[in-house]
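Please look through the sequence and the 3D structure shown here, and keep both in view while reading the report.

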Amino acid sequence: MKAMVINAFGGAEAMSMTEVATPVPGPGEVLIRIRAASINPVEWKIREGGLARLFPCKFPLILGWDAAGTIAALGDGVTGFAIGERVWSFCRKTDIQWGTYAEYVAMPAGSVAPMPTNLSFAEASTIPLAGLTAWQSLFDVAALRPGQSVLIHAGAGGVGSMAVPLAKWAGATVIATARTENHDYVRSLGADHVIDYATADFVAATKALCPEGVDMAFGTVGGEVLTRSYAVVKPGGLLVSITDKTDKAEAERRNIRVKYVFVQPNGQQLRRLAGLVEGGTLHPPEIVEMPLHQAAEALERSKSGHVRGKIVLIVD
Ligand SMILES: NC(=O)c1ccc[n+]([C@@H]2O[C@H](COP(=O)([O-])OP(=O)(O)OC[C@H]3O[C@@H](n4cnc5c(N)ncnc54)[C@H](OP(=O)(O)O)[C@@H]3O)[C@@H](O)[C@H]2O)c1
């Protein structure tokens, strides 16, 4: 099969289109013929070796954790899927090696689900990783309830484009941050208030809206944005980070809770997300499509930190 492969950590120059053996699904796995793979920032971080201490990486290595496509083969013991069925998956496995910037990927059947019937492959590929991250953060960890308030950083990003509508669906008041040019987009996702973090102090702006602080802050941006976010959470509230490590001492000092979330593959939750998409609650984000062979360029755009919605690699 064709795949964008790296043989060593590096920049754009490390990636090349290569012929590699098509994976064979093991027991309990399905083989997915990938039609679209969306880009996530973690992928350029892995390519550059920045996460090598966290993830066992093996070469040759195919990047990519999101896929939408069709079932091409079933491993021993797999039931409940049919050849040709349209599916989606968050394709992270323990070893980082056989990703989704490729024509095929083999995945445990439990991490795969039928994709929403009303989406194209490109649209569907944008949701698994970002949608599961939002779901697990807002609901599994924060147990967000109607009437609560949440500050979602980077409302226009891949995760924000899922978290804003999911939090709204849960009945929360949603405050999001984005540059002014993205405000209409973030409002269209369902945000009640949008703060321009580039021209306003997001802590003061959030406190102006929620004087006691918010029930939950979603730390989708790290560094100083995360460290300053402790100040927007009300006593007893929760700061969820998906970027940097959390500071438990600082949380205790402020009488708030803090939790780092690392998204897990979950086929059952993908089924729930598919139901929300088919029911019109959740929509795919804004998309820029690029061919698979432009994966390196796509990662450079992701690295800029200002993609609105998602970049999708189309696999012909
Ligand atoms: N732990 C996990 O399991 C997990 C899972 C998913 C993602 N992540 C991490 O979470 C982060 C977000 O992921 P993503 O896919 O949403 O990234 P993304 O799509 O690349 O985010 C891009 C967005 O970030 C916004 N942005 C940039 N700087 C900002 C700032 N200072 N304040 C507010 N918004 C800002 C940009 O909006 P503007 O153009 O308006 O600035 C842009 O729309 C990444 O670091 C990713 O690696 C972790």
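## About the model

This is a predicted model, in which local features need pLDDT of at least 70 and side-chain atom pairs count only at pLDDT 80 or more, while totals for chains, interfaces and linings use all residues. Residues are numbered from 1 along each chain as its sequence is written.

## Two domains

The chain is divided into domain 1 (2-126 + 284-314) and domain 2 (130-260), with bounds that come from an automatic or database domain assignment. Taken over C-alpha atoms, the centres of domain 1 and domain 2 are separated by 28 Å. To their contact, domain 1 brings 9 residues and domain 2 brings 8 residues, where two residues count as in contact if their C-beta atoms, placed from the backbone, lie within 7 Å.

On the side of domain 1 that touches domain 2 there are 3 nonpolar, 3 polar and 3 charged residues. In this grouping Ala, Val, Leu, Ile, Met, Phe, Trp, Tyr, Cys and Pro count as nonpolar, Asp, Glu, Lys and Arg as charged, and the others, Gly among them, as polar.

## The shell around the ligand

The ligand is surrounded by 30 residues, of which the closest are Ala154, Ala156, Gly157, Gly158 and Val159. By class, this shell holds 15 nonpolar, 13 polar and 2 charged residues. Helices α1 (41-47) and α3 (128-141) each supply at least two residues of the shell; helices (H or I, at least four residues) and strands (E, at least two) are DSSP runs, numbered from the N terminus.

Strand β13 (residues 214-219) is mostly covered, since 6 of its 6 residues are buried, a word used for a residue with 20 or more other C-beta atoms within 10 Å of its own, whereas one with 12 or fewer is exposed and one in between is partly exposed, with C-beta atoms placed from the backbone.

β13 pairs in the parallel sense with strand β10 (residues 149-152) over 3 bridges, and two strands are said to pair if DSSP finds at least two bridges between them. Met216 in β13 is the bridge partner of Val150. β13 also pairs in the parallel sense with strand β14 (residues 233-241), over 5 bridges, and here Gly219 stands opposite Ser241 in β14.

## Helix α4

Helix α4 (residues 160-169) is largely enclosed by the rest of the structure, because 8 of its 10 residues are buried. These buried residues are Gly160, Ser161, Met162, Ala163, Val164, Pro165, Leu166 and Ala167, and what covers them includes α3, β10, β11 (173-177), α5 (183-189) and β13. Just after α4, Gly171 takes a positive phi of about 95°.

Met4 is found in strand β1 (residues 2-6), and it is buried, because 27 other C-beta atoms lie within 10 Å. Leaving out residues up to four places away in sequence, Met4 touches Met15, Met17, Ile62, Leu63, Tyr101, Leu292 and Ala295.

Thr199 has its place in the loop between β12 (193-195) and α6 (202-209). Thr199 is exposed, because 9 other C-beta atoms lie within 10 Å. The C-alpha atoms of Thr199 and Arg179 are separated by 8.2 Å, and the two residues are 20 residues apart along the chain.

Technical notes: Near = placed C-beta within 6 Å.
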